[in-house]
Amino acid sequence: PVELALLDAYAAGVFVATSAGNDGPGASTANHLSPWVTTVAASTQRREFRSTLTLTAGGNTATFTGASITQGVTSPLPVVLSSAAPYNRPLCDAPAPAGLFTGKIVACQRGVNARVEKGFNVFQGGAAGMILYNPTLADVETDNHWLPTVHLADGTDFLAFMKANPGATGTFTAGQK
């Protein structure tokens with residue numbers, strides 16, 4: 001039915017571009033191969049933009065490597081978990097009240113809602129930066145965020161440091177190739 005709908009669009013003079021899908025790279029895994037559509041594929045590149053997050057609390061320091069294409073946060077700022085009161089939203093899936101995060105770096109867990117949306121939501125609350133962390137080891141992305149952001153591949157050690165060191169402050173570097 002989809003291919004026939006695309007044929008109808010083509011017959012009406014509409015240029016149709018479709019996605020090849022994400023099932024590859026094996027044989028016969030591309031979608032939309034009809035001759036009346038232009039099928040396009042995604043690509044990847046090997047460039048990485050790394051950022052170093054440094055947390056400090058009570059004489060303890062921890063560093064984590066993440067990904068970023070945003071500017072960093074060069075002055076130490078308080079780091080807060082979005083899962084903590086009064087926001088109580090680990091996924092940063094709703095706009096934060098104005099002023100809630102003013103002058104703070106907010107740590108959001110990667111999950112169901114869009115990564116950039118998370119940053120927008122904490123930005124609404126005045127956040128100066130965001131730490132986006134994966135709950136378990138997974139890929140990292142360098143999105144164009146609303147505020148300086150570093151994305152950590154695995155948040156396990158980060159969360160352990162935060163739990164053991166309340167009141168942590170943090171900085172992170174701008175993404176560098």
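The model is predicted: local features need pLDDT of at least 70, side-chain atom pairs count only at pLDDT 80 or more, and totals for chains, interfaces and linings use all residues. Residues are numbered from 1 along each chain as its sequence is written, and side-chain values use heavy atoms, leaving out hydrogens and water.

**Helix α3**

- Helices (H or I, at least four residues) and strands (E, at least two) are DSSP runs, numbered from the N terminus.
- In α3 (residues 156-164), F158, F161 and M162 are buried (under 20% relative accessible area; exposed is over 50%, partly exposed in between; 1.4 Å probe, protein chains only).
- These buried residues fall within an arc of 100° seen down the axis, so they line one face of α3; the arc is that of the directions from the helix axis to the C-beta atoms.
- The face turned away carries exposed D157, K163 and A164.

**Nonpolar cores**

- A nonpolar core is a set of buried Ala, Val, Leu, Ile, Met, Phe, Trp, Tyr and Cys residues joined through side-chain atoms within 4.5 Å.
- The largest has 19 residues, and I131 and F158 are among those with the most contacts inside it.

**Salt bridges**

- The whole structure holds five salt bridges (a side-chain nitrogen of Lys or Arg within 4 Å of a carboxyl oxygen of Asp or Glu).
- D139 pairs with R110, with closest N and O atoms 3.0 Å apart.
- That pair links distant parts of the chain, 29 residues apart.
- R110 is buried at 19% relative accessibility, whereas D139 is partly exposed at 44%.
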